[in-house]
Amino acid sequence: MADILARPDGVAAWRRNWAHAVLPLAILAATLFIQGPLAHLPDWAVVPLADWVGSGLNWFAREATIGGVKVADITRALATAAEMPIDWLKVLLAEGWVTGAGFNKMHIAPPLSWLGVILATSLLALRLSGRGLALLTLLAGAYLVFFGLWLSAMTTLASVVLCVITALALGLAMGIWAYRSPGAEAVLRAVMNIMQTVPVFSYLLPTLLLFGYGPSAALFATVVYALPPMVHATVLALRSVPAETLELARMTGCSRAQTLLKVELPVATPRLAIGLNQVVMMTLNMVIIASMIGAGGLGYDVLRALRRLDFGAGFEAGMGIVALAVVLDRLTQVAAHNQSTGRRGLWKRRDTAIAMLLLLVPTAASLAVPAFATWPDGWTLTTAPFWNGAVSFINQNFYDPLEAIRTATLLGVMNPFRDLLLAAPWSAVVLLVALAGYALGGLRTAFSVALLMLFIVVTGYWEAAMSSVYLTVLSVALALAIGLPFGIWVSAHPRLHQPVQLVLDTLQTLPTLVYLLPAVMLFRNGDFSALIAIVSYAIAPAVRYGMAGMVHVPSERIEAGIMSGCTPWQTFRFVRLPSAMPTLILGINQTVMMALSMLVIAALVGTRELGQEVYTSLARGQTGPGIVAGLCVACIALVADALLKSGAARAARHEGAVHV
């Protein structure tokens, strides 16, 4: 021992060996003898945080006043004000100008024609990117029209546009504030990290309490959910402005406001556009959840299909959301790319005139030809019977093997692993997690993850959290076992990169509830269906990062390995895999985050974990338990994020040390 400690790296090496080998074995052995409060926290020791939060929010929403005005009156006024632009956009895009109701209902002016909107958007895509994106826009619009989804899509688009504008404005303001104030940045970063990991259902509870049921409540919940990436992107974008550019602005006598408006924001626009793209995608991810509190549109179509177990209709409506997401995603990405490469002036004044004509002429023609305003129901297409028939065929002809797989997995793997975690003493689990944090990131990481785990313990959600961990661990393990090898294999076949990326983009834009439909129809409600849905949703980042990790291995390292006589397997094992390890660990991190976000959605199929606690609280209107259970999910996500990021940093340091 003295010889080890005498070496320059002896203390670090001894600490690693002690942390990696001795303590885990000792803690695992000690779990056999842990009894009493250290094994299962008694009820008297549980902090009633959920009751405190619920009582506080109820008081704030019903009795609190600001300047003599009740908060309830303020929030209801805000809800009414928010509904006005949503209604205007719906009139413009979906409903037209209508007076009266019932038999006295009269259309004074039609909405914008679907033909005009599609052609004008395709013209924008043509000018920004070229024929490929213009054709994609035409196909996406045609799908929405011919499958009878246009009105629902325009209702969704009206909400999305307003949510994106609001999140963009708030995100810019908060990001600028954080950039200018280091103290504010630290607070905002912590708050935004928690907001990104709290389940989406948790946003609905206080929103319903404050703003009531309706599109405005969905607007506020969606903005809160989509805000963090814009704040982070704004801070990073402003920090990326070159110091010499700022110095030049100061030398020319620019004030602080002029420097911001005329120098920093224009230079940072490409990175800000990336943040805008993330806001658009997160807003569309919230479409179905927001429909639960009155948003309507395509999200409500998917939700209604799920309740009827109509997989075909749900899939068609879900693909409608994908069509919207793909077009908006491509347009914002192209705009960001054009800004970063200096391509400006692509859209000219004559294009504005042409777009106005494309919008107005078909809209005016719809007064004489109603099909230009609303595609007739008798002309719509549907593939729902085919998809429902396919599911029925599988159930009728493969029920026995599917049931055998389900039963064997539940009895042989899932239930034993869940029972093991539930039987483990909380003190031993917290110590093991803290030890992992210490080994990977040092004392600070260990302290942080231990505090997060203790929050779950003292709030009384430990058993539900362990059920969440059990489903998450199994789902992530299965997603990685399938996704990483497939991504690594695809990385060696360049011709497959583009098709696989297209499939991955589709998977990540497909609404989360769509993943539940086939799982439930094939395997019924329960943990196994949740496992299938979570794996299907979380597999995309595993494949993506598996590809990225191997593609970006420096070619000179591979050539050096080949020149030294390595076989293909040795090159992979000793050169490519270590070089890609930091990226692969980040892929594991993203897979865990995706699995946790899907875990709460999977509560709809009858799981018994934190997601079910959040969903049940939403159904019962219990704000406090829903928020605290959501914070417990955030704690699990933050623990996983801290451990995996520390592991990625350590792998990167080790990789750098090896190749110095």
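Tutor: Asp641 and Lys645 sit four residues apart in helix α27 (residues 623–658), about one turn of the helix, where helices are DSSP runs of H or I at least four residues long, numbered from the N terminus. The model is predicted, so that local features need pLDDT of at least 70 and side-chain atom pairs count only at pLDDT 80 or more, whereas totals for chains, interfaces and linings use all residues. Residues are numbered from 1 along each chain as its sequence is written, and side-chain values use heavy atoms, with hydrogens and water left out.

Student: What do the side chains of Asp641 and Lys645 meet in?

Tutor: They meet in a salt bridge, at 3.6 Å from N to O; the term requires a side-chain nitrogen of Lys or Arg within 4 Å of a carboxyl oxygen of Asp or Glu. Asp641 is buried, with a relative accessible area of 19%, while Lys645, at 46%, is partly exposed; buried means under 20% relative accessible area, exposed over 50%, and partly exposed in between, using a 1.4 Å probe and protein chains only.

Student: How many salt bridges does this rule give?

Tutor: The count comes to nine. Among them is the pair Arg406 and Glu403, with the closest N and O atoms 3.4 Å apart; these two residues are three apart in helix α17 (residues 384–423) and therefore separated by about one helical turn, and both are buried. Another joins Arg330 to Asp329 at 2.8 Å between the closest N and O atoms, and Asp329 is buried at 8% relative accessible area.

Student: How is empty space inside a model found?

Tutor: Rolling a probe the size of a water molecule over the atoms shows where empty space is left.

Student: How many disulfides does a search of the whole structure find?

Tutor: A disulfide is a covalent bond between the sulfur atoms of two cysteines. With the cut-off for a pair of cysteine sulfur atoms set at within 2.5 Å, the search finds zero disulfides. For Cys632, the nearest cysteine sulfur, that of Cys635, is 5.8 Å away, and Cys632 is buried at 0% relative accessibility.
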